[in-house]
Every structure is written in C-alpha cells, then in structure tokens.
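Trainee: Could you walk me through this one step by step? I would like to see the model first.

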Amino acid sequence: MLEVILPDGSKKEFDHAVTPMEVASDIGPGLAKATLAGEIDGKVVGFDTKLPEEGSVHLRLLTKKDQEALGVMRHSCAHIMARAVMRLFDGVQLAFGPTIEGGFYYDFDLEHKLSEEDFPAIEAEMKKIIKQDEPFERIERNRDDSLQVVKDLGQKYKIEHIETGLKDHASMSFYQQGEFIDLCRGPHIPKPKAIGAFKILSVAGAYWKGDSNNRQLQRLYATAFFNKEDLEAHLTKIEEAKRRDHRVLGKQLDLFSINPLVGQGLILWSPKGTIIRNLLTEFVSEQLKKFEYLPVVTPNIGKVDLYKISGHYPYYKDSQFAPIHQAEDEEYLLKPMNCPHHIMIYKSRPRSYRELPYRLSEFGTVYRYEQSGELNGMTRVRGFTQDDAHIFCTDEQVEDEFRKCIQMTQYVLSSLGLTDYRVRLGFRDPDSGKYVGKEAVWDQAESALVRVCKNMGITATAEAGEAAFYGPKADFVVNDCLGREWQLGTVQLDYNLPSAERFDLEYIGPDNQPHRPVMIHRAPFGSLERFMGVLIEHFAGAFPLWLAPEQVRILVVSQKFEEYARKVEEELRNAGFRVSGDYRPEKIGAKIRAAQLELIPYMFIIGGREMEEESVSVRDRIDGDLGSMKIAQAIDKLRDEVQNRVVRQVFKGSAGLGTSAAATSDEY
RNA sequence: GCUGCUGUAGCUCAGUGGUAGAGCACUUCCUUGGUAAGGAAGAGGUCAUGGGUUCAAGUCCCAUCAGCAGCUCCA
C-alpha cells in the first residue's frame with residue numbers, strides 16, 4: 001500500500017505502483033492534462049516515473065506554473081531541436097544535450113557547418129514537430145540491448161558513452177518521439193505542445209566530453225518558455241545585461257581602452273578610469289595601514305633563475321611572455337607573480353620571531369600570456385596589477401592571519417555593495433601532478449582553511465583542482481552581467497615556497513633556533529583590472545559619489561549666470577570635489593540630459609534665482625530635482641556622502657547565460 | 001589555442017560588383033532658455049591590413065590582424 005501526500009495535505013492511497021500522471025488522473029482530467037512532471041520528496045521526476053509500491057511519499061504535480069517543470073520542458077525541447085537537425089541534415093551524430101541556466105544546448109557532429117542562417121529552418125522544423133504533438137515515450141533496456149540500439153542507430157558518441165561513461169550501469173533508458181530515439185535519463189514532459197515559445201540563440205564549438213584533445217562538435221544554444229511573454233522578457237533581460245557590459249560602458253564613459261598596436265589584453269586606463277583606480281588603491285591602502293602591512297616596491301622583471309627556484313618556471317612556460325634574453329646566461333622573466341620578489345625582501349636579512357607576522361604589500365603589476373581566446377575586456381587580460389601582499393608568520397599565527405585576510409576582503413567588498421559573491425575553497429586535485437609540496441603539508445593547509453571558514457560562519461564550497469600550484473586558497477567569486485564567473489579576492493595558504501626545496505625561509509624563534517615560517521598570499525580585489533571590470537557592471541557605470549570620476553556638474557540656465565556659476569565651481573573644487581561646468585549656449589534640458597547620460601551623480605543648476613540667493617538648485621542623478629539649497633549646505637551634503645562612501649544603487653543579476661547546470665540533470 | 005561569426009566616420013549602424021550613406025557626437029553661426037534632445041550650416045572615410053578574381057571590389061576569394069560567442073585553459 002502506497003500513501004501519497006499532496007501539497008495541500010490531502011492523502012491518497014494506492015495498492016499498486018502508480019506514476020504521477022496516474023495520480024493526476026485520479027484527481028481529475030483537467031489536472032492530468034496540465035501535469036508535465038512530478039516532484040517526489042523534493043526530487044523532480046517524470047510524469048511517467050513509477051512511484052514505490054509501499055510506504056509514504058510527498059508528491060507535487062508540476063504544471064506550467066511550476067519553475068521546476070521548465071527544466072523538464074527545456075530538455076524535451078532539446079530533443080526536438082536534435083530531431084529537427086537530424087531531419088534537415090545528413091549524417092548527424094548526437095552527443096550531449098542538457099539543460100543549463102536559462103535554456104539548453106545540444107552538441108552535434110555533422111558535415112554541414114551550422115550558422116545563424118540555418119536557425120530559421122531548424123526553428124520552422126521544430127515548430128512542425130511541436131504541432132504534431134507526438135508523445136515522449138520512455139524505453140528501458142538492459143546494457144546489451146541498449147548498446148545494440150545505439151549501434152543500430154549508428155550513433156558513435158552514444159556507443160562510446162555507454163562503453164565508457166556508463167560502464168557501471170546495468171540498464172539505461174531511451175526516449176522516443178516519432179522517428180527520433182535518444183539515450184536519455186529523462187525526465188521529459190508528456191507531449192511537446194506545452195512548449196509555448198523557444199528560440200535558438202547561438203552556435204559555437206565544443207569539445208566532445210570537454211577535452212580539447214577530442215573532436216570539436218557544433219553546439220546549438222537555445223532557450224524555451226511556456227509562453228511567448230516569458231521568452232520576450234528573457235531576451236529583453238539579456239539585452240539589458242549587455243548594455244551593462246563593462247566593455248560597452250568602458251568605452252562609452254571613457255574609462256579604458258585596448259589598442260591592438262599596444263597589444264591584446266593590455267589595458268590603457270583613461271584619465272576617468274584612473275581616477276577610480278587611484279581611489280580604490282587609496283581605499284585599500286587605508287586598510288593595509290590599519291592591519292599593519294608594510295608597503296614595498298619591486299621591479300617588473302626578475303631573473304629566470306628566481307622562478308626556477310620558486311617553481312613558477314615550468315608551470316608558466318605555456319602562459320608567460322617569452323623570457324628576455326639579454327646575454328648568454330642572463331635571462332629575465334616579466335614577473336608573473338609578486339611573491340618571489342617579496343620573498344627576497346624577507347630574505348634580505350635574518351628574521352626574528354619578534355618581527356612576525358611580517359606583512360609586505362605592493363600594488364604589483366604582473367604579466368601572463370593568456371591564450372588569445374581567453375581575453376575578455378578588463379576581466380581577463382595579459383597585464384594586471386594585483387593589490388598583493390604576502391604575510392610571513394608562524395604556524396600558530398596562520399589561522400588568525402588567515403581570518404584577518406578574509407575579514408579585510410569581506411570589508412572591502414561590502415564597502416562597495418558587492419555582496420553577491422560565493423566563497424570557493426580551492427583544493428588540489430589528488431589525481432593531478434601539477435602541485436608542488438608534500439601531501440601532508442597540503443592536508444594541513446586545507447584543513448586549516450576549512451576550520452577558519454567554519455569558525456567565521458562562512459559558507460564555502462570546496463572544489464578540487466582549483467588550488468594554486470603551491471597551496472590551497474579561498475577565492476571570492478562573482479558573476480559578470482552575462483553570468484560568467486570571475487575570481488576576485490583571494491587568500492592562499494603556502495607551505496611550499498618557504499620550504500627547503502624552494503626558498504628555504506626561516507626565522508629565529510624564542511628558543512634561539514631557526515624555524516620555518518608559513519606564507520599567506522592575499523589580494524582583496526585580486527586584480528585592479530578585473531575588479532574594475534566587475535565594478536563597472538556592478539554599478540552599471542553609475543559609480544557612487546566617492547568613486548565617480550566627475551562628481552558634480554554645474555549647469556547654467558543661461559550664459560548670463562556664467563560668472564556666478566564659475567565662482568560656485570571654484571568653491572566646489574576648493575572643497576575637494578571633482579567638478580566641471582557646462583556653459584554651452586544650450587537649453588537647460590539638453591545639458592541635464594547630457595549630464596544624466598554621463599551618469600554624473602549631482603547637477604547643480606544655476607539661474608537668476610540661485611544667483612540672487614547665493615544658492616544652487618541640486619539635481620540628483622537618481623532622485624531628480626531636490627530643490628535649491630545654500631552652497632555650504634550642498635557641499636556638506638555631498639561631503640557627507642563621500643566620507644561615508646555611500647552606495648545608493650547597484651545592479652544585480654545576470655543575463656542567465658551562464659552554463660551552470662539547472663536543477664534537473666537529464667543526461668547520464 | 002580550437003570552432004563559428006564580425007570588422008564601413010569619434011560612437012551606433014545602413015549599404016544589389018558600377019561616384020561612400022544615416023543618426024548621434026564634433027566645428028561655426030543664430031538662439032539665452034528653469035530640470036532628459038532649440039535651429040541652421042559645415043567638417044569628418046586607407047570601407048581593419050595584405051594579396052587575388054574582375055573592365056570595375058566596401059561588396060566575391062585567400063591570408064593576416066583584431067573583436068565577439070562558446071569550448072579548452074587560468075599555474
């Protein structure tokens with residue numbers, strides 16, 4: 001006997017195995033018609049999934065109204081897209097076609113090069129298939145039969161997948177719709193007519209099983225919704241996010257540029273961008289002072305030998321600028337990291353335990369030769385400045401120092417209203433040989449990291465293979481406006497560079513014996529370039545007053561008031577504000593519009609009334625006209641906002657173009 | 001790095017193998033105004049670069065450079 005508990009608390013009993021669809025039919029034909037999938041004890045299942053025969057389950061019947069049904073429907077739509085492609089082109093080999101955040105994709109191998117010009121034909125064919133409304137039917141087969149099915153179908157990637165990826169599965173399932181059969185775990189919706197609106201978005205290359213040694217397939221990205229309005233809303237959201245793109249805004253607001261003559265991935269900071277950059281570094285410098293860091297300055301190059309000792313050299317070979325060959329036995333590397341230089345400062349004389357923790361900080365510029373396809377505006381570049389520091393401390397001090405680093409990073413990010421991040425613990429991948437140092441040391445470092453995060457109440461996700469080659473780390477990861485993840489701040493533990501095999505660092509302890517210090521690498525922003533890129537999108541170019549390159553613009557109603565206005569402008573400048581005046585012979589509306597489009601926080605409008613009263617009419621970028629106030633009063637208001645680093649407006653959310661898998665995974 | 005797409009005025013973009021276009025921005029002139037676009041005139045081009053096909057190439061083909069999307073990578 002099975003007891004089914006429905007969301008309203010009502011119970012139904014069945015003396016045989018039933019499916020969600022059968023439960024729906026039992027309740028009423030209307031519900032049965034609307035049911036697309038089920039949710040058993042919190043897990044999304046198909047409408048045709050057999051429930052257990054005994055016991056008690058909580059069942060939700062999912063319809064168009066339920067978000068969870070969207071993923072199921074999208075996967076069905078992926079099958080329909082694959083079916084359409086197979087109808088239109090010869091020799092189509094199917095790979096994988098999962099749902100992702102915001103839609104789905106399907107990978108194909110076929111002779112014909114798919115392009116946007118093919119989309120209308122594929123979409124038309126998909127519409128035809130949806131209109132036919134043939135049901136999705138689940139077929140379960142044992143291993144041998146399954147293999148025979150895909151062999152009969154001539155689907156070589158499916159054959160390979162059953163033989164490798166699914167080698168432990170005794171049985172597997174297929175879904176058939178008309179002439180189309182695909183190896184698939186499901187679930188699917190009963191019939192395709194629930195697919196209200198869909199659109200193929202793009203085509204791109206993707207390697208089979210994500211391995212660049214494998215054949216490159218053609219991937220069609222698409223999305224689907226239950227109705228046209230939702231699809232339109234989604235597409236609008238993508239457009240809006242694209243307008244927030246730091247590459248677009250950076251150009252529009254004249255913050256930075258990239259010139260091919262200078263080189264790909266090398267940022268030219270314009271005056272306005274530099275104002276923001278300098279304010280950010282000043283802000284961090286205040287924190288460094290507070291936490292007793294010692295500023296240092298080191299050169300941009302170093303001998304290759306230095307990096308042979310540090311262990312960077314063999315790893316960086318593929319992603320560095322080529323060494324500078326000065327003379328026989330004299331080669332330099334553009335520095336890919338600041339740590340070796342800082343280590344040499346530590347080593348410049350003997351150290352006592354009384355000096356520890358010894359914290360060296362530098363806004364150090366480093367160069368890395370990233371693959372050309374990876375470069376992206378300011379977020380992935382070949383030359384960047386880290387707000388870097390290295391802490392040399394004793395074993396006992398590690399946790400405390402690590403905690404302080406995390407705290408500083410949290411403080412810096414929250415001061416900018418950046419709260420939309422996740423903390424990722426990057427651990428080593430035990431199967432990879434790219435790490436230096438002993439296993440026991442790694443375990444020690446990794447457990448220290450987990451302990452601190454736990455004590456601080458930080459929810460962090462551990463990811464194997466994300467560690468630096470010298471130690472594990474805690475990264476602050478944010479999304480850009482398109483949904484791509486970027487690592488910003490980072491705190492990394494390092495037991496390796498101080499080791500005897502590397503730089504052999506030591507300090508003299510209270511016992512008058514040499515001891516080995518531990519190193520912590522940390523950077524709250526990570527790189528100023530990437531941070532700036534993310535910040536532009538975070539504020540959609542509308543920086544808070546304290547960061548805005550131009551804080552106030554004086555607008556005169558008519559040129560008659562220019563003299564008084566210039567006096568006000570001067571007064572503001574003397575008060576420390578970044579101010580300009582618009583004295584063009586234009587109408588006030590046009591000047592306001594110009595200032596608004598340039599995202600200037602405050603406009604001081606000056607006409608006859610203001611001149612008489614020795615006041616200004618204040619217009620706020622966000623709230624509009626605030627009325628007139630005395631100049632001193634206006635200055636106080638703005639000064640207050642600057643000093644408190646008030647963040648009034650941020651933009652969250654992405655276009656949902658990320659590829660992180662949706663809740664329902666539908667491939668094996 | 002790989003696959004695909006793109007490259008025309010400062011910006012956003014039109015442009016059938018036959019004389020290089022628009023809007024905005026810019027310059028000058030008129031207008032002197034009250035909270036998101038006043039009017040007129042003008043200037044501005046190696047159609048990414050280099051080859052090729054053709055009587056003729058912004059347009060077709062090839063290569064290179066750069067950008068975009070995705071994949072792979074990010075020590």
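Mentor: Start with axes: they are lines fitted to C-alpha atoms, for helices over the stretch in contact, and their angles run from 0 to 180 degrees between N-to-C directions. This is a predicted model, where local features need pLDDT of at least 70, side-chain atom pairs count only at pLDDT 80 or more, and totals for chains, interfaces and linings use all residues. Residues are numbered from 1 along each chain as its sequence is written, chains are lettered from A and ligands numbered from 1 in the order written, and side-chain values use heavy atoms, without hydrogens and water.

Trainee: How many helices and strands does chain A have?

Mentor: Both are DSSP runs numbered from the N terminus: helices are H or I with at least four residues, strands are E with at least two. The C-alpha trace of chain A spans about 80 × 80 × 55 Å along its principal axes. Its secondary structure comes to 19 helices and 33 strands.

Trainee: What percentage of the residues of chain A count as buried?

Mentor: Buried means under 20% relative accessible area, exposed means over 50%, and partly exposed lies in between (1.4 Å probe, protein chains only). Chain A has 668 residues. The buried share of them is 53%.

Trainee: Among contacts in chain A between residues at least 6 apart in sequence, what share joins residues at least 24 apart?

Mentor: A contact means heavy atoms within 4.5 Å. Take the contacts in chain A between residues at least 6 apart in sequence. The share joining residues at least 24 apart is 71%.

Trainee: At roughly what angle do the axes of α3 and α4 cross?

Mentor: Helix α3 covers residues 67-88 and helix α4 covers residues 119-132. Their axes come within 9 Å. They cross at roughly 115 degrees.

Trainee: How do the residues of the contact of α3 with α4 divide?

Mentor: From α3 come C77, I80, M81, R83, A84, V85, R87 and L88; from α4 come A121, I122, E125, M126, I129, I130 and Q132. Ala, Val, Leu, Ile, Met, Phe, Trp, Tyr, Cys and Pro count as nonpolar, Asp, Glu, Lys and Arg as charged, and the others, Gly among them, as polar. The contact divides into 11 nonpolar, 1 polar and 3 charged.

Trainee: Is the crossing of α5 and α6 left-handed or right-handed?

Mentor: The axes of α5 (residues 143-153) and α6 (residues 156-163) come within 8 Å and cross at roughly 160 degrees. That makes α5 roughly antiparallel to α6, since angles over 145 degrees count as roughly antiparallel, under 35 as roughly parallel, 65 to 115 as roughly perpendicular and the rest as oblique. A crossing is left-handed if the near helix is turned anticlockwise from the far one by less than a right angle, and right-handed if clockwise. The crossing of α5 and α6 is left-handed.

Trainee: Which residues of α6 do R143, S146, L147, V150 and K151 meet?

Mentor: Those five residues belong to α5. Their partners in α6 are K158, I159, I162 and E163.

Trainee: How many salt bridges does the count come to?

Mentor: A salt bridge is a side-chain nitrogen of Lys or Arg within 4 Å of a carboxyl oxygen of Asp or Glu. By this rule the count comes to 46.

Trainee: How far apart are the closest N and O atoms of D400 and R403?

Mentor: D400 and R403 are 3 residues apart in helix α13 (residues 398-415), so about one helical turn separates them. D400 is partly exposed at 33% relative accessibility, and R403 is partly exposed at 29%. In their salt bridge the closest N and O atoms are apart by 2.1 Å.

Trainee: How many residues apart in sequence are the parts that R648 and D620 tie together?

Mentor: These two form a salt bridge, with the closest N and O atoms 2.8 Å apart. R648 lies in the segment after α19 (631-643) and D620 in strand β32 (residues 615-620), so the pair ties together parts whose separation in sequence is 28 residues.

Trainee: Is S361 buried or exposed?

Mentor: S361 sits in strand β20 (residues 358-367). Leaving aside neighbours within four places in sequence, S361 is in contact with L288, Y293, L294, P295, V296, H342, D388 and A389. At 4% relative accessibility, S361 counts as buried.

Trainee: What distance separates the C-alpha atoms of E396 and P517?

Mentor: E396 is in the loop between β21 (383-393) and α13, and counts as exposed at 67% relative accessibility. E396 and P517 are 121 residues apart along the chain. Their C-alpha atoms are separated by 10.0 Å.
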